[in-house]
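Please open the model in your viewer and keep the selection tool at hand. The tour below goes from one selection to the next and says what is found at each stop.

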Amino acid sequence: MKIWLRLSLRELLNHKGFSLFFILNLALGLMGFIALDSFKTSLHEHIQSQSKSLLAADLSLSAFLPLTDPEQSLTRDLLGPIEEQSTQILFNTMVSGPDDTQLAELNAVSAGYPLYGELILTDGRHLRAPELQALWQGKPRALAQQELLDALGLKLGESITIGEQAFEVAGGLLQSPGQSFWNARMNYKVFISEAWAQQTGLLQFGSHRRYNYLYRLSDGDQADFLAKKINREAKKAFGPNPYFQALPHNRANPQMSRLMDYLGDYLGLAALVALFLAGLGTAYLFRAYLAQKTLEMAILRSLGASSMQTGGWMILEINLLGTLAALVAGLLA
């Protein structure tokens, strides 16, 4: 075996041009495959690590009506220890400035929001739950997406009218939990305190709104298991209800999940095409090299080498080249 290994190494060194071209050609294809797959994996892990900030909680209960006492009792029993909780009411409405009116999505949030993450304003302020709660104190204030303020011609300190209540514009929103795809949506975002939401006169019987009950659990890793359990037990206790859903943080943004799936499929296909083209090129390259080695293989056979030994010699060479190409591709990727 040592003799054939030394012979293979000597042959590859004697044909440096072929060896280098073979290794680089295969390494480029493998490098693209490894790099794209690594990028997809890293991006997925990053999104998962930020998923709590996207939902602003470990787990949320979404409903189109306030939870009834039996539903709240069932939820508390199944969730177990809860560190913090908050409420978010979302509905679409028209908001007005001095000269114009625009459609907006109103987010009325209670104390403790966001349980994870922060609201980032255009003036550089980062508002977590304590700072946001302090902002709501004293008088009705609103945080509005900067594009909405520009459309209404409003500046900080001026008033924006929501329903029957005027709110002071306390800041322009640049980013908030769960709002990763603002540009893909039709309506702007406005945040107010839940305590002032009733003063708008918009939370009436028949108004279309969604309640998000947000929970920070003592063991956030159990969020997915608990969400499935709550959905299953709620269906048994109260019957099928498409308007009641428990959602864990890792499945909080279906739009992002779809985009990640599309991106993963595209990158996977691109990597396979790159690897296929590289493999095709190396196959033709080694075939030409093998044709040149026919005479040497015939001489080895005449000296007593078996067909298995001469064939194994070529297999050993291609394995050496493939291993070197894989090492180069791994280091570069």
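Select Phe 191 to begin: with a relative accessible area of 0%, Phe 191 is buried, a word that here stands for under 20% relative accessible area, with exposed meaning over 50% and partly exposed what lies in between (1.4 Å probe, protein chains only). The model is a predicted one, in which local features need pLDDT of at least 70 and side-chain atom pairs count only at pLDDT 80 or more, while totals for chains, interfaces and linings use all residues. Residues are numbered from 1 along each chain as its sequence is written, and side-chain values rest on heavy atoms, with hydrogens and water left out.

Phe 191 belongs to strand 9 (residues 188-193); strands (E, at least two residues) and helices (H or I, at least four) are DSSP runs numbered from the N terminus. If residues up to four places away in sequence are set aside, the contacts of Phe 191 (heavy atoms within 4.5 Å) include Tyr 113, Trp 136, Leu 143 and Leu 173.

After helix 5 comes Gly 138, with a positive phi near 95 degrees.

Next, select strand 1 (residues 59-63), which pairs with strand 11 in the antiparallel sense over five bridges, where pairing requires that DSSP finds at least two bridges between two strands. Ala 63 stands opposite Phe 244 in strand 11. Strand 11 (residues 244-248) is largely enclosed by the rest of the structure, because four of its five residues are buried.

Ser 62, also in strand 1, counts as buried at 15% relative accessibility. Its side chain makes a polar contact of 3.4 Å with the side chain of Asn 212; such a contact is a pair of N or O atoms within 3.5 Å, of which, within protein, one must be able to donate a hydrogen and the other to accept it, and residues adjacent in sequence count only if both atoms are side-chain atoms.
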